[in-house]
Amino acid sequence: MKIIKDISGQLREAFRLMTRKPALIAYAAISDILFILIFAFFSSAIYGKMLEYAIAASSLAAKSSAELGSIVAVSQTFYQAFMSIDGVNLFVYDILIMMFILLVGAYVFYCFFQAISWHIAGKISGRRKSYYRFIASFFKINIVWIIIYSVFSIIRLTAGFREQISTRPYIGNMLDMGFLIPALGIIIIYFAAVSYSSLFFGKKKSIASTISVGYRNFRGLIPGYIAIALIIALIHAIQVLIFRYSVIASGIFFIAAELPSLTFARIVMIRIMEDKNEKKTE
Amino acid sequence: MKDKQKAFILNIVLACLILLFIIFSVRIDSIFPQPMTGLSADDIPEQKAFINTSSGTNPGAPIELIEFSDFSCVFSRQSYPEVKQILNEYGENINFVFKHFPQDNLHANAFDAAIASECARDQDKFMEYHDALFEAESMDGYTFKSISEALGLDISEFDSCIKSGDKVKIIMSDMREAQQNNIIGTPVFIINGDIIIGSQDYDSLKSAIDKQLDPETIVEGIMGRTI
C-alpha cells in the first residue's frame, strides 16, 4: 500500500510541475519529435538502400541456387558458400557498411536527443543536473546495448539471406529468430532500464560500475516503471482509437498528450530516483 | 574544463555528426548507386515441382510405418534401435517410409546427412546408410565418406550426387510435408495414418502396429473409407 501511495504521490506531483512549466514541456516535445523525424528519415533511407542490395545479392544467389546447395552439402558453412558466389560478396560488404553507419547513427541520435529530453525533464522537476552529465552517462551506458543490437542485426541479416536464398526451407532459422527476438527485447529493456536508473546515482567511472549501480537501484524503481508504462499505454490506446475516426485529431492528440507523456514519465523517474538517493545520503 | 565547456564542445561535435548523417541520407543514391547484377528475369530459375522418391521398404505391405526423423536428433537416435527391432520382427508385413526432417539450427550437419543418405539410395543402399548414420558417433563430411566406403558405394558417383545438389529437393519435399502436417519436431511416427509423436520404445510401437492389425480396426478402417 505504501508503494502505491508513494507512486501516486509522485505522479500527482509530476503532473503539477508539468502544468507550471509549459514552455519547457514544449521544448522536450520538440526534442522528442525531432528525434523521431530525423531518425525515421535517416533509417528509412538506409533500410531502403540495404533492401536494394539484399535483393541484388539474393538474385545472384538464386541464379546459383543449385551450386549453393551443393557447396553447402559438402560441409562448408553457409556464409562461405554464399560469399563464394560471384558478385555477392561486394553487395554483402556494402550492406555491412550501411548497417554499421545505421547503428552508429542510431547510437549518436539516441544519446544526443535523449540527453536533451532528460536534461529538460530534470529542469522541470526542479532537480537539475548538467547536460554534460546526462550525455556522458548516455554515451557510456548505451554502448552496451548498441553492441548487443549490432550482433543481433548481423545474425538477423545472415538468417534472412539463408531463408530467402537457400533452396532449403529454413525452418530452423525461423525457430532461431523466435528465440532471439524476445531474448533481444529482454536484454534491451534490461539495459535501457539499468541505464536510466544509473543516471542519478553518483558519479560512475566505468561501464561495469554504472551497470552495477543501475542494477542495484533498478529493482526499487520497478513500481514506478510499471505505473508509467500503464499511463503511456493508456494514452497510446486513446490515440489509436482517435486515429480510427480522424487522422488530424489523432495527430493533435499525439502532440498534445503522447509526447508530453514521455516528459511526464521522465519527471516521475527523476523524482523517484532522486528521492531514493536522498534517503540513502540522509 | 567545466561541464558547460565540455557540453559545448560535445554539442558541436554531435551537431556535425548529425549533419553528416543527414547529408549521407540525402545523398545515399550517389554514395551507394543502384546495384547492377547483370541478370535478366530469365536468369532466375523457377522453382520446380517437388518430388519424393521414397516409396518405402515394402510397398503394398499391410502396415505402413512412416517416420519423420533427423539423423542428428537425440530422440530420433534413441528410437532407432526400437524401430530396427520392429522392422526385423514384422519383416515383409511392414512398409517403412523414412522422411527427412533435419533441423540444421539445432543439429550440425543434419541436412548434409539427409542428402548423403539420399545419394546412397541411388545406389540401393539407403537403409544400410540410414543404419550406419544412426550408429555413427559423429556427423560430418568424414563420417559420410567413411560410411560410403564401408558400404562399398561408388565414391565418385556418390560425390557427384552430393555436389549436384539434386537431393535438396527431396529433403525439402519431406520437410514441406512435415510442415503441412504441423510436425515441429522429431521423431514422429505415422502408423497407417495414426500419428505418434516423440521417441518411442519397442512396446509402444508394437502395440500401435498390432492395433492396426486387429481385425476390428481393419473393418473400421474399411468402413471409414467407404463411408
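User: Why is B:Cys119 called buried?

Analyst: B:Cys119 has a relative accessible area of 1%. Buried means under 20% relative accessible area, exposed over 50%, and partly exposed in between, with a 1.4 Å probe and protein chains only; therefore B:Cys119 is buried. This is a predicted model, in which local features need pLDDT of at least 70 and side-chain atom pairs count only at pLDDT 80 or more, while totals for chains, interfaces and linings use all residues. Residues are numbered from 1 along each chain as its sequence is written, chains are lettered from A and ligands numbered from 1 in the order in which they are written, and side-chain values use heavy atoms, with hydrogens and water left out.

User: What makes B:Cys119 and B:Cys161 a disulfide?

Analyst: The sulfur atoms of B:Cys119 and B:Cys161 lie 2.0 Å apart, and a disulfide is a pair of cysteine sulfur atoms within 2.5 Å. By this rule the count over all chains is one disulfide. B:Cys119 belongs to helix 4 (residues 110–121) of chain B and B:Cys161 to helix 7 (residues 155–164) of chain B, 42 residues apart; helices (H or I, at least four residues) and strands (E, at least two) are DSSP runs numbered from the N terminus.

User: Why is the disulfide of B:Cys119 and B:Cys161 called left-handed?

Analyst: The torsion about its S-S bond is about -80°, so the disulfide is left-handed.

User: Is B:Cys161 buried or exposed?

Analyst: B:Cys161 has 10% relative accessibility, so B:Cys161 counts as buried. B:Cys73, at 4%, also counts as buried, and A:Cys111 is buried at 0%.

User: What makes a set of residues a nonpolar core?

Analyst: A nonpolar core is a set of buried Ala, Val, Leu, Ile, Met, Phe, Trp, Tyr and Cys residues joined through side-chain atoms within 4.5 Å. The largest has 69 residues, of which A:Phe42, A:Ile46 and A:Phe109 touch the most other members. Helix 5 of chain A gives the largest share of this core, 22 residues. Leaving aside neighbours within four places in sequence, A:Phe109 is in contact (heavy atoms within 4.5 Å) with residues including A:Phe42, B:Ile18 and B:Phe21.

User: How do you know that strand 3 and strand 4 of chain B pair?

Analyst: Two strands pair if DSSP finds at least two bridges between them. Four bridges join strand 3 (residues 188–191) to strand 4 (residues 194–197) of chain B, and the strands run antiparallel.
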